[in-house]
Amino acid sequence: MAARLAEKNGYTNVKVFHAGTPEWISSGNPVLTTAQFVSDRMGYIVIIDARGAEEAKKGHIQGAVAMKLDQIVKEKDQFPLDRKAYIIFYSDDTDMDKLAPVVKEITTWGYQRLFILDGGYKGWLASNGPIQKDMVRTTIFYLPRPHPGEITGDEFMNIVNNQPPTKLILDVRTQAEIAGGMLPGAVNIPVDQLQGRVGELPKDKEIIAHCRTGLRAEMAYNILRNAKLNARFLNDKVEVLEGKIFCCFK
């Protein structure tokens, strides 16, 4: 759908990356995020100021940990044990060239939710995000806890197995991904189509979104909430292989 939309708008050399976001991320490629994404999750995520402590003293994103760019990888032991933790990196500007190699290296440690803040600290200031001065942290402290809208794996599987009439499971994976199978009773709308198809979903049911890793499920959750629908999402892995369901595996 995105390719057709691009062609409709006059682009003539449009290619589709069928493997999608999970493959892009697992290959260590950087993903940008927005100031709004960070602002909505402050207290639930790790934010690393790659400008280092001296620059951070002049002002930094509230709650950020200061680590000089060339020291970040050396601080591996500080990173959360929870490999599902969201970790945001920022510098003065977007600085993809400097931050992307760091993201690629940390991806090899098993983290899959690494993001670079689009616009960096300057962009954060422009968005009027909260900042701190002087009180500079140089040690990561991360306490895993459910994000807003997150459903536990046990409750998710209970819904899958019992299919209560008040719930709808929404599979937001791509058409290629669902070729291997879907959960019983689930409805598939790929996340990149969801904004335009949200009217197909019932307003009298709670919608539980899932994908392959949880990342796109959270994106879907935000789209559904913005559409005033009752929704939650599974922030974990789901696979359907040869008719068997695998949920929340490492």
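Predicted model: local features only at pLDDT ≥ 70, side-chain atom pairs only at ≥ 80, totals over all residues.
Let me begin with the open sheet of five strands whose order is 1-6-5-2-4 and whose pairing is parallel, where two strands count as paired if DSSP finds at least two bridges between them, and where strands (E, at least two residues) and helices (H or I, at least four) are DSSP runs numbered from the N terminus. Its edge strands, each pairing on one side only, are strand 1 (32-33) and strand 4.

Residues are numbered from 1 along each chain as its sequence is written, and side-chain values use heavy atoms, with hydrogens and water left out.

Within this sheet, strand 2 (residues 46-49) and strand 4 run parallel and are joined by two bridges, and Asp49 stands opposite Ala66 in strand 4.

Which residues of helix 5 are buried? They are Leu99, Ala100, Val102, Val103, Ile106 and Thr107, with buried meaning under 20% relative accessible area, exposed over 50% and partly exposed in between, for a 1.4 Å probe and protein chains only. These residues cover an arc of only 170° around the axis, which puts them on the same side of helix 5, the arc being that of the directions from the helix axis to the C-beta atoms. On the other side of helix 5, Asp97 and Lys98 are exposed. The cover over the buried residues includes helix 2 (20-26), strand 5 (87-90) and strand 6 (114-117).

Turning to aromatic rings, a search of the whole structure finds seven pairs; rings of Phe, Tyr and Trp (its six-membered ring) pair if their centres lie within 6.5 Å, and planes under 30 degrees apart count as stacked, over 60 as edge-to-face and the rest as tilted. The rings of Tyr86 and Phe115 have centres 6.0 Å apart and planes at 5°, so this pair is stacked. Tyr86 lies in the loop between strand 4 (65-66) and strand 5, and Phe115 in strand 6, so the pair ties together parts that are 29 residues apart in sequence. Tyr86 is buried, with a relative accessible area of 0%, and Phe115 is buried too, at 4%. Ring pairs link Phe37, Tyr86 and Phe115 into a cluster.

Finally, there is another open sheet of five strands, with the order 8-12-11-9-10 and parallel pairing, whose edge strands are strand 8 (150-151) and strand 10 (187-188). Helix 10 (residues 215-226) packs on this sheet, touching strand 9, strand 11 (206-210) and strand 12 (231-234), and its direction makes about 175° with that of strand 12. In strand 10, Val187 is the bridge partner of Leu170.

How values were computed. Contact = heavy atoms within 4.5 Å. Axes fitted to C-alpha atoms, helices over the stretch in contact; angles between N-to-C directions.
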